[in-house]
Amino acid sequence: MTVTSRRPGIDAPDRPPIYEGTRIPANIPTILEVPQALRDAGDVLEINFGPNHPSTHGVLRLVIELSGERVVGLRAVVGYLHTGFEKTMEQKTWWKAITYPERIDYLAFQNNELGFVLAIEKLLGIEVPRKATWMRMLLCELNRIHSHLVWLGTAALEIGAISMFWYTFRERDSVLDLFEMVTGVRMHTRYFQAGGLAEDIPIGFYPACRAFTRQMPKGVDEYESLVDRNGIWLERTRGIGLLSADDAIALGQSGPVLRASGINWDLRKDEPYLAYDEVDFRVPVHFHGDVYDRYRVHMEEMRESTRIIVQCLDRLEGMQDEPWIADDRKVVLPPREELHTSMESLIHHFKIVTEGYRVPEGEVYVAVESPRGEFGCYVVSDGGPRPWRVRFRAPSLVALEATATCMTDALVADLIAIVGSLDTVMGEVDR
Amino acid sequence: MTAEGAPLRRTPARPGGAERYLGVPGLVETKEEHGEVTLIVDAPRLLEACRYLRDDMGFWFLSDISATDYLGWGEKEVAGYIGTASGRDINTLSSQGYARKPEPKPKRFAMNYHLLALREGAPRVRVQVWLDDSEQVDSVVPVWPTADWHEREAWDLMGIPVAGHPNLTRILMEDDWVGHPLRKDYPIGGEPVRFSGDE
């Protein structure tokens, strides 16, 4: 299958299909350098795109060099949002550190929290009750829908489809209402604990969530009816920002970007964590590696996530009175009511809150499929109450590395569609 | 192209866990903990080992590069790490800290390369290289282009000099920043304030 750019006259008219050869810039893979001949001709304009530009998803700065409308040089400058999360987490007890990973990517908060909690649990070797496992899955899929909705709304907004934003934020609000119902907050929930969940699932959540699963597919139908056959949308997304399968792997791309380049790879299927091997879902794969296919993958993933949520609800409704957190008093806070009657519970509570629990010495790397791709969490413990080292493999950072390759032969207007399609969250890039 | 997706370079599955990596060039030690395989590789032969793992073992996907500083591992008095604001020492033996002393580490820094093979079973392997302060490590950008920013980050935040990197500049901190913030001896708090009224 071959794809060539639909835009005439960008480069040679008989541009080779993208699956032949690599388009990764030589020498420095993440920088598009202006050909010397073009620079000598003296007709290259260097401009700053960002860091404060409404379509840079935060504070991304791209230094681009233009020859007419063509982008001939590109260099990404990141770090404006660097807040030292990894360093801060080394100062906190394991228990307190759980609040940080969700804040690095404020759209995929639940998935990031899951990655870190799974890493702690792997070091602790703690058994998690099945109710907690299924609820984690449910919330992670709700979170995936939330993240994709924000992506769709903003990516469409940036290339001119303003109405899309209002439609997607309608469903997004329903998702956040569900989060608020379960956890008390709309974002940055800190609902996952080492050992299970922080609280039991509230009464009334299942019917509310069921109502959402009926609403969501209609929402996706509506979005598709807005843009799927929209001439402007197609013109601005098809054949733009091409990334071949080999280049995507070489550049470490994951998640929707990788799947839009024709690689059938999803950690939920290929390296199942939680109970993803017990639910039925499909991994959408598209083959053109352009902006339009990334959009298609996002849309289909929202439908598949809704299907997973329904299956989670079916299971969870049969687990009403089961425990939601492991019964391990060295790690898990004792139930609140016990504090009034049991001295031991009070001591455990005090010890966990003041000095934290100790995690056995070791190093683990845990990867989960966040809405943006492989979110990895490398954690080192020295056996003490605080992490020795925490490092996040941020899928957004890696996605930005592909900008130079995607931007080969692109126009300046395509830049916005391409950067949008890579779905980066700058909080996660800079950490 | 097949219906399942673009042709991946698949390598035949080999049996076993850690022992299947015995052919890796420069291999010093193999560990298997928590179901994860760690290959400790001699630093000068890192590139050779990476090429072997990619071409012969099918690890075409580099997930991550993490640098770790083990200065003061299991000891007291590392700047910023022992004692809280009120001065309480919570990491001494038999008080409120370690249950036992952690295993000593061979050198100060570890570079961890997390590799993934995109095939059934999703095998992962961690290549670990031990380095002293300011000891160089070869860049793996020629093997996996995605290493570009990861290695810049290791240099920026941990001060690992990566030899042969095409563009080894700071990535998250400013270009004129002094020091490498993720090192254990980097002070916490009290950094010089820019744009203060005194200047």
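Which helices and strands each supply at least two residues of the lining of the second largest pocket? I looked this up in the predicted model and found helix 5 (109-124), helix 6 (130-158) and strand 6 (362-370) from chain A, along with strand 2 (36-41), strand 4 and strand 5 from chain B.

I then noted the volume of this second largest pocket, about 650 Å³. It has 33 lining residues, and A:Lys122, A:Glu271, A:Val366, B:His34 and B:Glu36 are the closest to its centre. By kind, the lining holds 16 nonpolar, eight polar and nine charged residues.

Next came the largest pocket, with a volume of about 920 Å³. I counted 38 residues in its lining, and those nearest the centre are A:Gly79, A:His82, B:Leu172, B:Met173 and B:Glu174. Helix 2 of chain A gives the most to this lining, with five residues. The lining splits into 17 nonpolar, ten polar and eleven charged residues.

Then I turned to the interface. Here 69 residues of chain B are in contact with 61 residues of chain A, and the buried area is about 5500 Å², with 55% of it from carbon and sulfur atoms. I saw that B:His34, B:Trp149 and B:Leu172 supply 13% of what chain B buries against chain A, more than any other three residues.

Last, I checked the polar side of things. I found seven salt bridges across the interface; B:Glu153 and A:Arg391 form a salt bridge through their side chains, at 2.8 Å from N to O. There are 26 residue pairs in polar contact between the two chains, and strand 3 of chain B gives the most to its chain's side, with nine residues.

Note on methods:
Residues are numbered from 1 along each chain as its sequence is written. Chains are lettered from A and ligands numbered from 1 in the order in which they are written. This is a predicted model: local features need pLDDT of at least 70, side-chain atom pairs count only at pLDDT 80 or more; totals for chains, interfaces and linings use all residues. Side-chain values use heavy atoms; hydrogens and water are left out. Contact means heavy atoms within 4.5 Å. Buried area is the accessible area (1.4 Å probe) that two parts lose on being put together, summed over both. A salt bridge is a side-chain nitrogen of Lys or Arg within 4 Å of a carboxyl oxygen of Asp or Glu. A polar contact is a pair of N or O atoms within 3.5 Å; within protein, one must be able to donate a hydrogen and the other to accept it, and residues adjacent in sequence count only if both atoms are side-chain atoms. Helices (H or I, at least four residues) and strands (E, at least two) are DSSP runs, numbered from the N terminus. On a 1 Å grid over the protein atoms alone, a cavity is a set of points where a 1.4 Å probe fits but cannot get out, and a pocket is an open set with protein on both sides within 12 Å along at least five of seven lines; lining residues have an atom within 4 Å of a point. Grid points are joined across faces, edges and corners, and a volume is the space filled by probe spheres set on the points. Ala, Val, Leu, Ile, Met, Phe, Trp, Tyr, Cys and Pro count as nonpolar, Asp, Glu, Lys and Arg as charged, and the others, Gly among them, as polar.
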